[in-house]
Amino acid sequence: MNLPRPLRTAAAPALVTATALLALTACGSSGAGSGSGAGGTVEIRIPDPGNSGVLALGKKDGSLDRALAKAGAEVRWTGSAGPFAPAAQAMNADRLDIATGSITSGITSLAQRPGFKFFTAVAPDAAGEGILVKNGSGIGSVADLVGRKVAVNQGGTGEYLLLKALAKAGIPAGKVKRVYLRPDQTAAVFNAGKVDAWAVWATYAVAEIGSGKAHFVADGAEIGSDNYSLNAVRTGFAEQHPGVVKALYRYLHDAGAKEKQDPAAYLNVFTDAGPTAVTGKAKEVQIAFTRKGGTVEAIGQQDIERFEDVAGFYAEQKVTPGKVDVAAHLLDVEKLK
């Protein structure tokens, strides 16, 4: 069920090199809002990672600070990780330097006035995203969604997964009612039976599947998802501190490979109790998803082609008013110095 990772080729000419980047003017604020710490150390503003993942462990054990110190930088944790759209707005407003999101939410943000560029990619999560239904719902296939209500986050992963699943099954999008909800508000609605299904990704699916009360009627592999996870950097920050961006990429790449080998070490980093802890069956589900997932890589030509496919699909489905030029908003992180 797990899709093979796309082969990585030499970075495409469409990627912006470090030299070309210096000539760009950010669409958002490009001032040196990150500031400097003691001794002129560059501060890089990253959303707080919470209780799990590579950045959480890097925050706890100091390995991220040590890696960035070699590039003359240190992290200033700000806010908390969440949906990409508000993070993109924060980068545009020079309040944030780094954010993580999907290519789907990225495209809708790029359709605005972006002050950021994408510099890494993780292959689509074939196992951890899909169309979630409750056990015993009577929904046994995508075709059974006709006439039903499906919760999605507008313009992001959820809406993409639903539309992609329907298109693959040859079902007109209008045959299914999309209910637009924020992901953090959807679990209660889904469990109360106010929607029949939920197009969702691992961040929220793990708890539902781990409860033993829900399952994917179609996962990312069955849907044929091209929904990459990407890291974005504020354009002004990349202009001024390309070496810091490259150091962060190297850290994320190396740590991500370690996480895939030992997922449990990256769960419940600060606490193993409370609402942020992953326990019981949900922990087993998360570990399985992580082992099947991809790692942080530089963006290659085959990735760009799949990004463009998503942009074209979004335009066809009228999610965006036209096809977004994704390639114009990418960095070749390997060439940053």
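**Entry 1**

I began with helix H4, which lies across E3, E4 and E10 and runs at about 145° to E3. The model is predicted. I then looked up the sheet under H4. It is an open sheet of three strands, in the order E3-E10-E4, and the pairing is antiparallel. Which strands form the edges? They are strand E3 (98-102) and E4, each of which pairs on one side only. From one strand to the next, the twist averages 30°.

I followed the pairing between E4 and E10. Six bridges join E4 to strand E10 (residues 229-234), and the two run antiparallel.

**Entry 1. Aromatic pairs**

I searched the whole structure for aromatic pairs and got nine. One of them is Phe-84 with Phe-116, edge-to-face, at 5.4 Å centre to centre and 85° between the planes. What does this pair tie together? Phe-84 belongs to helix H4 (residues 84-92) and Phe-116 to strand E4 (residues 116-122), so the contact ties parts that are 32 residues apart in sequence. I checked burial for both rings. Phe-84 has 4% relative accessibility and counts as buried. Phe-116 has 1% and counts as buried too.

I also found a cluster. Ring pairs link Phe-190, Trp-198, Trp-201 and Tyr-204. I come back to Trp-198 in the next entry.

Then I looked for charges over rings. Lys-134 lies over the face of Phe-190, at 5.6 Å from the ring centre. Lys-164 lies over the face of Phe-313, at 5.3 Å from the ring centre.

**Entry 2**

I took E6 and E8 as a parallel example. Two bridges join strand E6 (residues 149-152) to strand E8 (residues 197-200). Across that pairing, Ala-151 stands opposite Trp-198 in E8.

**Entry 3. Helix H2**

I asked which residues of helix H2 (residues 54-61) are buried. They are Val-54, Leu-55, Ala-56 and Gly-58. I then traced what the buried residues of H2 pack against: strand E1 (42-48), helix H3 (63-69), strand E2 (73-80) and H11. After H2 comes Gly-62, with a positive phi near 80°.

Most residues other than glycine have a negative phi. I listed two exceptions here.

Asn-268 is not a glycine, yet its phi is positive, about 50°. I placed Asn-268 in the loop between helix H11 (242-261) and helix H12 (280-292). Is Asn-268 buried or exposed? Asn-268 has a relative accessible area of 13% and is buried.

Lys-318 has a phi near 65°, again a positive value in a residue other than glycine. Lys-318 lies in the segment after helix H13 (301-316). With a relative accessible area of 71%, Lys-318 is exposed.

**Entry 4. Confidence**

The chain averages 89, and 88% of the residues score at least 70. Where does pLDDT stay under 50? That stretch is residues 1-32, for which the model has 81 contacts beyond four places in sequence.

Technical notes:
Residues are numbered from 1 along each chain as its sequence is written. This is a predicted model: local features need pLDDT of at least 70, side-chain atom pairs count only at pLDDT 80 or more; totals for chains, interfaces and linings use all residues. Side-chain values use heavy atoms; hydrogens and water are left out. Rings of Phe, Tyr and Trp (its six-membered ring) pair if their centres lie within 6.5 Å; planes under 30 degrees apart count as stacked, over 60 as edge-to-face and the rest as tilted. Helices (H or I, at least four residues) and strands (E, at least two) are DSSP runs, numbered from the N terminus. Buried means under 20% relative accessible area, exposed over 50%, partly exposed in between (1.4 Å probe, protein chains only). A charge sits over a ring if NZ of Lys or CZ of Arg is within 6 Å of the ring centre and within 35 degrees of the ring normal. Two strands pair if DSSP finds at least two bridges between them. Axes are lines fitted to C-alpha atoms, for helices over the stretch in contact, and angles run from 0 to 180 degrees between N-to-C directions. Contact means heavy atoms within 4.5 Å. pLDDT is the predictor's confidence in each residue, from 0 to 100.
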